[in-house]
Amino acid sequence: MKHYDKIIIGGGLYGLYSAWLTGKQGNQKILLIEKDPEPFMRATYINQARVHMGYHYPRSISTAIKSKKYFDRFVEDFDFAILKTFDQIYATSSHFSWTNKDEFKKFCSDAGIFCEEMPRENYFNPEMCDGAFLTKEYTFDAHIIRDFFLKEIAQFPNVEMLFSAKITAIKQLDSHFEVSLADGKEFDTDFILNSSYAGVNEVHSLLGYQPFQIKYEKCEIILVEVNDLLKDKGLTVMDGPFFSLMPFGKTGLHSLTAVTFTPHETSYDNLPTFPCQARSNGYCSPEDLGNCNDCPVRPLTAYLYMRSIAKKYIKDEYEFKYKKSLFSMKPILKASEIDDSRPTVVKVMNESPMFVSVLSGKINTVYDLDKVLLNGK
């Protein structure tokens, strides 16, 4: 049985960052295990690609401040993968919103984040929004970041990565864990980081650990082509059942999402349980979550509904058309339903041997892992 100082489960941003950070120390053997054939095939790639500064969370000042705390560091570290050359406009809806322009301005002031009021008629149908604001928020290109990490990690002989690797068992002994894969490979370690995001409870179930109290949303991100007037703009209406239309990294496309229609279905079970799994011919189950984006029974697009909401708000001259849909599973803490917060949870499930689970709130809060990775056992 091969020994590693640390085993990292999950090949998203949190997993690759952890392999890179610990690997470059040079004094430990690291193994990363990913279920998919490649890294970044799920939520790290399939999201709005927003480098959050906190504007999205006027009901959770703590989430806003945490986002702001790491914004500059993330932008500096991944500058090569970040698109800054567009105007990111937030607007507050005149109807059915949890906030209005005055509350949004106060929230930005309290959080210490830049916002400048703009003429709302430049972007939106004036009767639909009571305020519009230029903000400082960017978008990241996940594939550029993925390629950066793969190139960097390839230089570390002490880091190995396994893809298309399915964990079938994890056994906790007095001093270490034993990890078994479906292909018969076995490893032992005294430190496991569980950064599998929507698979976090799936891994917990292998050890009998308490599940995180989360709900699962099967989400659709739509990529659209925009006309020249929209190319250098991101438009987000909040805070409620509205929409966002913003550049998707450096791809030249925009992402389209809508609070009401981006989630297609929701599961409140400890493991993600959906009716579609029975029709997937074994591709996906609550105990072995498949990749929604590659699923043979993935949902039909909700594009027309999302487009309808966006077109109600934005000026007629801003036009866009459907390119493709991306689907992923999004876990959200049930406690966040109250204030729409998105904390990043780093929880030590067992101290010796050490097992740490992380549930990421935002892409740029990945640095919350530094302490446990560098000072842990």
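**Contacts, strands and rings**

Me: At what distance does the side chain of lysine 215 make a polar contact with the side chain of glutamate 217?

Reply: The model is a predicted one, in which local features need pLDDT of at least 70 and side-chain atom pairs count only at pLDDT 80 or more, while totals for chains, interfaces and linings use all residues. Residues are numbered from 1 along each chain as its sequence is written, and side-chain values use heavy atoms, with hydrogens and water left out. A polar contact is a pair of N or O atoms within 3.5 Å, where within protein one must be able to donate a hydrogen and the other to accept it, and residues adjacent in sequence count only if both atoms are side-chain atoms. Between the side chains of lysine 215 and glutamate 217, the distance of this contact is 3.4 Å.

Me: Is lysine 215 buried or exposed?

Reply: Lysine 215 is placed in strand β15, residues 214-226, where helices (H or I, at least four residues) and strands (E, at least two) are DSSP runs numbered from the N terminus. Leaving out residues up to four places away in sequence, lysine 215 touches several residues, among them Tyr268, Lys330 and Glu337, contact meaning heavy atoms within 4.5 Å. Buried means under 20% relative accessible area, exposed over 50% and partly exposed in between, with a 1.4 Å probe and protein chains only. Because its relative accessible area is 10%, lysine 215 is buried.

Me: Which strands stand at the edges of the open sheet of three strands?

Reply: The open sheet has the order β4-β9-β5 with antiparallel pairing, two strands being paired if DSSP finds at least two bridges between them. β4 pairs with strand β9 (residues 138-140) over two bridges, and arginine 50 stands opposite threonine 139 in β9. Two strands each have a single partner, so that one side of each is left without a neighbour in the sheet, and these edge strands are β4 (50-51) and β5 (82-83).

Me: At what angle do the ring planes of tryptophan 20 and phenylalanine 148 stand?

Reply: Rings of Phe, Tyr and Trp (its six-membered ring) pair if their centres lie within 6.5 Å, with planes under 30 degrees apart counted as stacked, over 60 as edge-to-face and the rest as tilted, and a search of the whole structure finds 27 such aromatic pairs. Tryptophan 20 lies in helix α1 and phenylalanine 148 in helix α4 (residues 142-153), so their pair ties together parts that are 128 residues apart in sequence. Tryptophan 20 counts as buried at 15% relative accessibility, whereas phenylalanine 148 is partly exposed at 23%. The ring centres are 6.4 Å apart and the pair is tilted, because the angle between the planes is 55°.

Me: How many residues apart in sequence are the parts tied together by phenylalanine 243 and tyrosine 313?

Reply: These two residues form a tilted aromatic pair, 6.0 Å centre to centre with 45° between the planes. Phenylalanine 243 is buried at 3% relative accessible area, and tyrosine 313 counts as buried at 5%. Phenylalanine 243 lies in strand β17 (residues 243-247) and tyrosine 313 in helix α6 (residues 303-313), so the separation in sequence is 70 residues.

Me: How far apart in space are valine 237 and serine 93, C-alpha to C-alpha?

Reply: Valine 237 is found in strand β16 (residues 233-238) and counts as buried at 4% relative accessibility. Beyond its neighbours within four places in sequence, its contacts include Ser93, Phe243 and Tyr313. Valine 237 and serine 93 are 144 residues apart in sequence, while their C-alpha to C-alpha distance in space is 6.2 Å.
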